[in-house]
Amino acid sequence: MTFPKIAILISGTGSNMESIVKACKTGELKAEVTFVGSSSSGAKGLQTAASYGIDTCVFNYKSLEREKAEKEIIEKIIKTNSEWIILAGFMRVLSPAFVKRFTGKIINIHPSLLPLFPGAHGIEDAWNSGIKVSGVTIHIVDEGVDTGPILAQEKVLRLPNDTIELFEERIHQTEHMLYKSTLKKLFAENKKNK
Ligand code: GRF
């Protein structure tokens, strides 16, 4: 049986990446991780991915212009025959040309109920607004920032004696579950339609 090949892009801790990699290893998620690429050489997630025996690489956005870094990503995607690009805390905005090339195949996770609180600080922005209900969104990436078609959302409540640390922890726990279950459905539907 051939599983969908997925490339995962990160920039930091990589806890979402790790939860996806683990699910692929146990067979909970029927997909093959081709490589984990990071926009930064210091990303902790690179070591985590390597510890699971996953091929890792750095697309050094610090020294390369976006166009060049994206050219390297495209080359790696082609070389590894990757079908899906899974963004898991990837803190760079992909160019419209890149998004167009992989239309419908780039998936992102965002730590709020979009369209509320887009951008790099979804958790803090929701917390600082005082809103009682926030959550997690999984969406297809389009040419905007955190604007693409929504695949799944799950609420996370702000509790009466909450702290931002506890709230953040519950958001991350929800992220890990929701990313796996959404990808599972997406890959199953895609297989049916092939
Ligand atoms: C997650 O909250 C994700 O939604 C956001 O960046 C964070 C990445 O966390 N885009 P991690 O690197 O997966 O631990």
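Predicted model: local features only at pLDDT ≥ 70, side-chain atom pairs only at ≥ 80, totals over all residues.
**Helix 6 and its two partners**

At 80% relative accessibility, Met-1 counts as exposed, where exposed means over 50% relative accessible area, buried under 20% and partly exposed in between, with a 1.4 Å probe and protein chains only. Met-1 sits in the segment before strand 1 (5-10), and its C-alpha atom is separated by 9.8 Å from that of Lys-30, 29 residues apart along the chain. Residues are numbered from 1 along each chain as its sequence is written, and side-chain values use heavy atoms, with hydrogens and water left out.

Let me turn to helix 6. Helices here are DSSP runs of H or I with at least four residues, strands are runs of E with at least two, and both are numbered from the N terminus. The 29 residues of helix 6 should span 42 Å at 1.5 Å a residue, and the end C-alpha atoms are 41 Å apart, which agrees; the expected span is 1.5 Å times one less than the number of residues. Among the buried residues of helix 6 are Phe-167, Ile-171, Leu-178, Leu-186 and Phe-187.

Two packed helices are described by the angle between their axes and the distance between the axes. Helix 5 (residues 122-129) and helix 6 (residues 164-192) have axes that come within 11 Å and cross at roughly 130°, the axes being lines fitted to C-alpha atoms over the stretch in contact, with angles from 0 to 180 degrees between N-to-C directions. Helix 5 and helix 6 are therefore oblique to each other, given that under 35 degrees counts as roughly parallel, over 145 as roughly antiparallel, 65 to 115 as roughly perpendicular and the rest as oblique. The contact (heavy atoms within 4.5 Å) is made by Ile-123, Glu-124 and Trp-127 of helix 5 with Ile-164, Phe-167, Glu-168, Ile-171 and His-172 of helix 6.

How do helix 1 and helix 6 pack, and at what angle? Helix 1 (residues 15-26) packs against helix 6 at about 45°, with the axes 9 Å apart, and the pair is therefore also oblique. Here Ser-15, Asn-16, Ser-19, Ile-20 and Ala-23 in helix 1 meet Glu-175, His-176, Tyr-179, Lys-180 and Leu-183 in helix 6.
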